[in-house]
Amino acid sequence: MKSGKKKTEKMIVSLVVSAMVVGSQAGGAYAAEWKPAGGAYAAEWKPAGGMVQAAAALNYKFDDVPTSHWAHQFVTKLALQGIVQGRDEGKYVPDDKVSQEEVIVLAIRLMGLEQEALKLKTENYVLPFSVSDYARGYVITAIEKGLISIGEEGSNTSSGSKSWGTKSASREWVAKIVIRSVNKQQEANQKKSQSTGFSDNNKISDENIGFINEALSLKIVDGFEDNTFRPQESVTRAQMATFISRAQQYSSYQSDKVITGTVQAITGNSVQLIDSRGQSRTLSINSSSVIYGKGSTGKISWSDIKPGYTVYTIAQDNTAYYIEVTDQVSYQSTEGTVENIDLSVMKLTLKVGDRSEVYDLMSGTSVTDKDGLGQSLSSVVKGSKIEIRRTADQKVAHIIIKEAPVNKTAVGTFVSVNKDSKKLTVNETDGGKQEYAYADNLPVIYKEGMRSLDHIFEGDTVRIRVENNIVVELEVVTTKVEMIKEGKLDYIKLDNRAPYLTIQFADNQFGTYSFDTNTVEVIMPWKLSSSIAELQEGDDITVYLGSDDKVKKVFVGERKQKVNYMATIHSYDSKSKYLTVIVDGKPEIFELNDKVSLTYNGTSIAIETFDKMFPIGQKVDLTYNSKDELINISYSFGYEGVISMINPTTRELKLKMPNGQYVDLKLNTYVAVEGLNQDNLTLDHLKVGDSIRAGMSNQHDYVFQIQKKQTINYELTAKNESSRQLTVKDQNGSAFYYTLPHDAKILSAADTAITFAQLSPGTKIAITFVGKNIQQVKLITSN
């Protein structure tokens, strides 16, 4: 060395030692499942021009270290940190023997001393043994740091030459270098008199016994299955990567790419951590990211990582390219409403059910909204609905704000109300569609008076006042229903030229109102669909009038009525309008007048067409009001009800009808059975409780077809106006395509009729099917 340079050797104690691989079994002992692809680092081999470059680019994929290679995890982990590198042609050559100078290069990189080695002016030093030019700075640094001793290494050269650097590194020599690099020299000294326990212990150099014992105790190295250590056997590049990777945990130096921490939250493509300094970090992943489980678990999927897990990551530009689970303790989770949060003492009071619970906040407690976006602790305020995730000592590590309290006044269009969940939906002018809980006895203001929630209609313009997420006041600004009348139906005229109805009010006064038979909407809660022709005198009704004083909607209260099913027409006199029918084997005579409505398969018909539509021998259904007066004669192509009894052998079927009565039907010799997405159904597939439509023969002698009736909830994802096709997905995400018939009903969540154009993608809908056909589509609100 030149004058001024220190010539004495220093004991090197700061190199982190990596673990030795077990044995030399074919295929290796360590499974890895992630296959890298692409380029490689500038090699720790001598590059062109004789210079060694520090690792910069993330080139960590080697064609000859596939996911099936036992050392894949270790090579990848170290390559991402720039500790190991490949050759220029994208190879790692894992089975090549590693030289002593290469081991020193790896050790210096592991210790974080590479830049110091590269800046060294090596021409000022003279080495007593031969090393390659690219390795001189590393070797000199190793001597100065005490990693190797000239005295020891003087006897470690080939006889007759000084080729110390290119000599293959032995297992016992590597153990020594690794133990010194992790500052475990003192521990090794204390174990140099102990036997390693291997059958070839006598072949281990006395000066290396302590290093091997310490490496064994740290689980950095291991022996072979035949209980040998094979101290003089050469180490391969794959084995060396394994040793370094295992030893990293004992090193005082960590790459700035390494981030360790506890998982707080996981979204589709990112993970939020509280790192070792208590700081919140959000790292994204991509298709190149590799994820390994704890210990020898091997590669795992993204979904296997849970909040509470401790992880070791290697990241660049906030993208994690390597994630390894180091502990699998999951958080405990609790949901509730914030009663109080005091950041001065880091305390949180949470209302959980009917209990108030107090929790300590960690100094690094992280906060996200329900979509995983980072928030501050100051955004957690009283009234917030949150989920907290706690550590084993019950401290809050992470908070998810599920719903922040809303306090505002907003104007929008009324959509629906769900009395079961006590929620209403408003399409706000500035905020889009929003759903809110509403207060008990919610005041509904209209002009100078008050209304009930039942008297708000889809499309009405409303102003709402929200306090802590709850609607406490609602004002109807404009409405398509200007007036509401309640009473008993006294009279109805269905003449298409001037139809009208008369209501008797509670004070015995009367009101008469006209309507349009084509547009008036009739709601009978016990029926899926209703028409104006089905109104009966004596019905308790609520009539909704528009600004033109015409009836827009009629709501019918509970009706007590009796039906004689399948009475047979015996005779009819069109002049006197006397009708004779056979009911339960006995004749009954009725005079048809304007109080008796006629319905043919749901369509109102005039009495003048009675002879044509209801011939002698035709079976009809007779409906009576509470006074036992005949009010309707109808013929239908079938009956809808719930199976009360079915016997395919005796060909008997009993249906419970919507009004609670039962009707007995005979089954044809062959009955076609149809269900949604079900083929080859038979009577044996039907059971008591099934809702069905029974298709009847012309004379109602027997059932020839049964269609199963069911209602399924979907999300509408797309629609086609011209073809009336709906694209929907079920709760499992499966897509379905349906064509909506023109005669199918389309209802809002409030049971008002809407058009196909008013169906919006993203809306939740309930589709009622009869067999394979759509009978109704209804908007639903999520609770």
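Q: Hi! Which hand does the crossing of α1 and α9 have, left or right?
A: The crossing of α1 and α9 is left-handed. Keep in mind as we go that this is a predicted model.

Q: Got it. What angle and axis distance go with α1 and α9?
A: Helix α1, residues 72-81, packs against helix α9, residues 237-247, at about 70°, and their axes are 8 Å apart. The range for roughly perpendicular runs from 65 to 115 degrees, and α1 and α9 are therefore roughly perpendicular to each other.

Q: And which residues meet there?
A: From α1 you have Phe74, Val75, Lys77 and Leu78, and they meet Ala241, Thr242, Ile244 and Ser245 of α9. By class, the residues of this α1 and α9 contact are five nonpolar, two polar and one charged.

Q: Staying with α1, how many of its residues are buried?
A: In α1, 10 of its 10 residues are buried, so the helix is mostly covered. The buried residues include His72, Thr76 and Lys77, along with Gln81.

Q: What covers them?
A: The cover over the buried residues of α1 includes helix α9 and the strands β1 (258-266), β4 (290-292), β5 (310-316) and β6 (319-327).

Q: What comes just after α1?
A: Gly82 does, with a positive phi of about 80°.

Q: OK, switching to α2. Why is it described as largely enclosed?
A: Because 11 of the 11 residues of helix α2, residues 100-110, are buried, the rest of the structure largely encloses it. Among those buried residues are Gln100, Glu101 and Glu102, as well as Arg109.

Q: What do the buried residues of α2 pack against?
A: They pack against four helices: α3 (114-119), α4 (136-144), α6 (171-181) and α9. As for what follows α2, there is Gly112, with a positive phi near 80°.

Q: How do α2 and α4 cross?
A: Their axes cross at roughly 65° and come within 9 Å. So α2 and α4 are roughly perpendicular to each other, and their crossing is left-handed.

Q: How many salt bridges turn up in the whole structure?
A: A search of the whole structure finds 33 salt bridges. One of the pairs is Arg389 with Glu387, at 3.2 Å from N to O.

Q: Are Arg389 and Glu387 buried or exposed?
A: Buried means under 20% relative accessible area. Arg389 counts as buried because its relative accessibility is 15%, and Glu387 is buried too, at 9%.

Q: What about Lys719 and Glu721?
A: Their side chains also meet in a salt bridge, with 3.1 Å from N to O. Lys719 is partly exposed, at 25% relative accessible area, and Glu721 is partly exposed as well, at 45%.

Q: Last one: which residues are linked in a network of salt bridges?
A: Look at Glu152, Glu153, Lys176 and Arg180, which are linked in such a network.

Note on methods
Residues are numbered from 1 along each chain as its sequence is written. Side-chain values use heavy atoms; hydrogens and water are left out. A salt bridge is a side-chain nitrogen of Lys or Arg within 4 Å of a carboxyl oxygen of Asp or Glu. Buried means under 20% relative accessible area, exposed over 50%, partly exposed in between (1.4 Å probe, protein chains only). Axes are lines fitted to C-alpha atoms, for helices over the stretch in contact, and angles run from 0 to 180 degrees between N-to-C directions. Helices (H or I, at least four residues) and strands (E, at least two) are DSSP runs, numbered from the N terminus. Angles under 35 degrees count as roughly parallel, over 145 as roughly antiparallel, 65 to 115 as roughly perpendicular and the rest as oblique. A crossing is left-handed if the near helix is turned anticlockwise from the far one by less than a right angle, and right-handed if clockwise. Contact means heavy atoms within 4.5 Å. Ala, Val, Leu, Ile, Met, Phe, Trp, Tyr, Cys and Pro count as nonpolar, Asp, Glu, Lys and Arg as charged, and the others, Gly among them, as polar.
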